[in-house]
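Have a look at the structure first, then read on.

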Amino acid sequence: MRQTLVLDVVGLTPGLLLGYGVFFLLGFTLFALIYASMGSFVSRPDDLQTLSLPLSFVAVAGYLSAILALSGGGGTWTFVASFLPPFSPFVMLARLMIGAVPPWQVALSIGILIVSIVFVAVVATRMYAAGVLLYGQRPGVRAF
């Protein structure tokens, strides 16, 4: 007896796929920059786990907020989290999946995310430079 796998892709619209691609790339870029800047300050791989734990909590909080949004709950938190940069790649995409989101909210969320990526990129570049150039020394505020 042979079983066939039938995939139901009725809910996958081109707009939702585009939203997934945009929020995935922007979210990945944001978290990659944050992780890279933190990684520049470690001298051993063991230290990297210590520094990455708080960042993982932020990603898990975003994921759990998206689950809350998918269940239809969250109310004000879901609305606010869809504009906050560490959470918006998760929550805005969840809001797009469950219902109609006004285009201005999607555009605002993407705009805030892009501005935060530029800001994090500037800070991460300075942190990376300080971490690499001052290897073995304790960096101060002036190093940034």
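## The largest pocket

The largest pocket comes in at a volume of about 320 Å³. On a 1 Å grid over the protein atoms alone, a pocket is an open set of points where a 1.4 Å probe fits, with protein on both sides within 12 Å along at least five of seven lines, and lining residues have an atom within 4 Å of a point. Grid points are joined across faces, edges and corners, and the volume is the space filled by probe spheres set on the points.

The lining has 15 residues, with Tyr 20, Phe 24, Pro 89, Phe 90 and Leu 93 nearest the pocket centre. Two or more lining residues come from each of α1 (14-39), α2 (45-70) and α4 (88-98), and α1 gives the most, with 6. Helices here are DSSP runs (H or I, at least four residues), numbered from the N terminus. By class, the lining has 14 nonpolar residues, 1 polar and no charged ones.

## Ground rules

This is a predicted model, so local features need pLDDT of at least 70 and side-chain atom pairs count only at pLDDT 80 or more, while totals for chains, interfaces and linings use all residues. Residues are numbered from 1 along each chain as its sequence is written, and side-chain values use heavy atoms, with hydrogens and water left out.

Leu 93 sits in helix α4 and is buried, with a relative accessible area of 11% (buried means under 20%, with a 1.4 Å probe and protein chains only). Leaving out residues up to four places away in sequence, Leu 93 touches Leu 16, Gly 19, Tyr 20 and Ser 88 (contact means heavy atoms within 4.5 Å). Leu 93 and Phe 24 are 69 residues apart in sequence, yet 9.1 Å apart C-alpha to C-alpha.

Ser 88 is also in α4, and counts as buried because its relative accessibility is 1%. Beyond four places in sequence, the contacts of Ser 88 include Phe 23, Phe 83, Ser 109 and Leu 113.

## The nonpolar cores

The largest nonpolar core has 10 residues, among them Phe 23, Leu 30, Met 92 and Val 106. Such a core is a set of buried Ala, Val, Leu, Ile, Met, Phe, Trp, Tyr and Cys residues joined through side-chain atoms within 4.5 Å. Both α1 and α5 (103-133) give two or more residues to this core, and α5 has the largest share, 4 residues. A second, separate core of 6 residues includes Ala 69, Ala 81, Phe 87 and Ala 94.

Key:
Ala, Val, Leu, Ile, Met, Phe, Trp, Tyr, Cys and Pro count as nonpolar, Asp, Glu, Lys and Arg as charged, and the others, Gly among them, as polar. Buried means under 20% relative accessible area, exposed over 50%, partly exposed in between (1.4 Å probe, protein chains only).
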